[in-house]
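Let's take a walk through a protein model, stopping at a few helices and loops along the way. Keep the picture open while you read.

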Amino acid sequence: YVEDSACEEALLLFREVQHKGLTGDKVTMVSLLLACTHLGALEVGMWLHAYIMKKNIEVDVGLGMALKDVMTLTALIVVLAMCGQGNKALEYFYEMQIRGVKPDAITFVGVLVACSHAGLVDERISHFNLMSEKYGIRPSIEHYGCLVYILGRAGRIAKAEELIKNMPMALDHFVLGGLLGACRIHDNLEAAERAAQQLLELLPDNGGSYVILSNRYSSSRKWKKVKRIRELVAERNIKKPPGCILIEVDGVVHEFVKAGFVPNKSEVLFDMDEEEKETALNLHTEKLAITFGLVSPMPGVLIRIVKNLRVCNDCHTATNIISKVYNRETVVMDRNRFHHFKNGSCSCKDFW
């Protein structure tokens, strides 16, 4: 079930196992904890940890002690990077070097992601070069993708395009998607068209590319081009994954699937009137899930939700304001990273 992303079914099956008086082994526990990770079910995860301790179930890393130092430090770097603590992640990377622990390719992915989320452009370029010059690690497509993202996110679109052109390997959707996302942030329509064209040639059924390009045309009020994109989507029968939010309340995971303040209406893709735009934005799944969390039986408890897509600017601003007005800390894990909202500000410092 977990390998098939049916995590809720996996937890329900374990409850049936318990009702039959059976106890899972270490493989069961690893699978269940992975399911909790995907669902953002912290309460259930904490209960499983207590269950493991109570039943004396052994859970080993399965990789041997020889790799444990680099594995543990790499895990810390990656997690801190995802949580927006880029500088702290880099401190562990420097500690790794001082201790003589040799970083591997995955370590450098975490380091580059840390620089991305902290907006450390020059440091990222330096670490990218360090990887091959000092440690002899050949950069992979993931490393190039991280570098393209940070250059694009910092507004260096032309530099990012040049890097892509000179890459020693074939393009993939990760690299082009990072560039396209940067074009979205900086409203660079020309570069977005180039990136989208390449991405659509590579993955013609990628619905997200059509949406981002349509959004750029919409923000530039190029309605004829928006209409053409919509026609292409219909002709090619493209299906975009619906926005989906998971929220855990009282140990139960609830799912919201999409069919405050002054909304950022540029996030609406089509030519609607202002009232229609507000209605469309108010139905974004983050807002529905956060509202459910606010009216849950446990006031004041941190709201924790998981989203399958990247959080949009409008929902990000809304959650910032909600965290201040209602004095409720909220953690959102989107497709890219964690956002921790508290007292009207986010851990990402609006850089994501």
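This is a predicted model: local features need pLDDT of at least 70, side-chain atom pairs count only at pLDDT 80 or more; totals for chains, interfaces and linings use all residues.

## Inside or outside?

Now try it on N56, which sits in the loop between α3 and α4. Is N56 buried or exposed? Its relative accessibility is 68%, and because the cut-off for exposed is over 50%, N56 counts as exposed. Along the chain, N56 and K26 are 30 residues apart, yet 9.9 Å separates their C-alpha atoms.

## Helix α1 and its buried side

Which residues of α1 are buried? They are C7, A10, L11 and F14. These four cover an arc of only 95 degrees around the axis, which puts them on the same side of α1. There's a handy rule behind that kind of pattern: an α-helix has 3.6 residues a turn, so residues three or four places apart point the same way.

What do those buried residues pack against? The partners are α2 (26–39) and α3 (42–54). Just past the end of α1 comes G21, with a positive phi of about 80 degrees.

## Where α1 meets α3

Let's zoom in on one of those partners. The axes of α1 and α3 are 14 Å apart, and the two helices pack at an angle of about 35 degrees. The crossing of α1 past α3 is left-handed. On the α1 side, the contact is made by L11, F14 and Q18, while α3 brings V44, W47, L48 and Y51. Sort them by class and you get six nonpolar residues, one polar and no charged ones.

Next stop is L73, in helix α4 (residues 68–82). Its relative accessible area is 6%, and because the cut-off for buried is under 20%, L73 is buried. Who touches it from farther along the chain? Leaving out residues up to four places away in sequence, L73 touches Y92, M96 and R99. There's also F93, which is 20 residues from L73 along the chain, with 7.6 Å between the two C-alpha atoms.

## Helix α9, two faces

Helix α9 (residues 157–165) has I157, A160, L163 and I164 as its buried residues. They cover an arc of only 120 degrees around the axis, which puts them on the same side of α9. Turn to the face that points away from this buried side, and you find the exposed residues A158 and K165. The cover over the buried residues includes α8 (141–153), α10 (173–186) and α11 (189–202).

Between α9 and α10 there is a loop, and A170 is found in it. A170 is exposed, with a relative accessible area of 62%. Its C-alpha is 8.4 Å from that of I141, a residue 29 places away along the chain.

## Helix α12

In helix α12 (residues 207–219), 13 residues should span 18 Å at 1.5 Å a residue, and the end C-alpha atoms are 19 Å apart, which agrees. Its buried residues include G207, Y210, L213 and Y217. The helices that the buried residues of α12 pack against are α10, α11 and α13 (223–235).

Against that, look at R221, which follows α12 and has a positive phi near 60 degrees.

D187, in the loop between α10 and α11, also has a positive phi, near 55 degrees. At 43% relative accessibility, D187 counts as partly exposed. Then there's N327, with a positive phi near 50 degrees. N327 has its place in the loop between α16 (313–325) and β4 (330–333). With a relative accessible area of 59%, N327 is exposed.

Technical notes. Residues are numbered from 1 along each chain as its sequence is written. Side-chain values use heavy atoms; hydrogens and water are left out. Buried means under 20% relative accessible area, exposed over 50%, partly exposed in between (1.4 Å probe, protein chains only). The arc is that of the directions from the helix axis to the C-beta atoms. Contact means heavy atoms within 4.5 Å. Axes are lines fitted to C-alpha atoms, for helices over the stretch in contact, and angles run from 0 to 180 degrees between N-to-C directions. A crossing is left-handed if the near helix is turned anticlockwise from the far one by less than a right angle, and right-handed if clockwise. Ala, Val, Leu, Ile, Met, Phe, Trp, Tyr, Cys and Pro count as nonpolar, Asp, Glu, Lys and Arg as charged, and the others, Gly among them, as polar. The expected span of a helix is 1.5 Å times one less than its number of residues.
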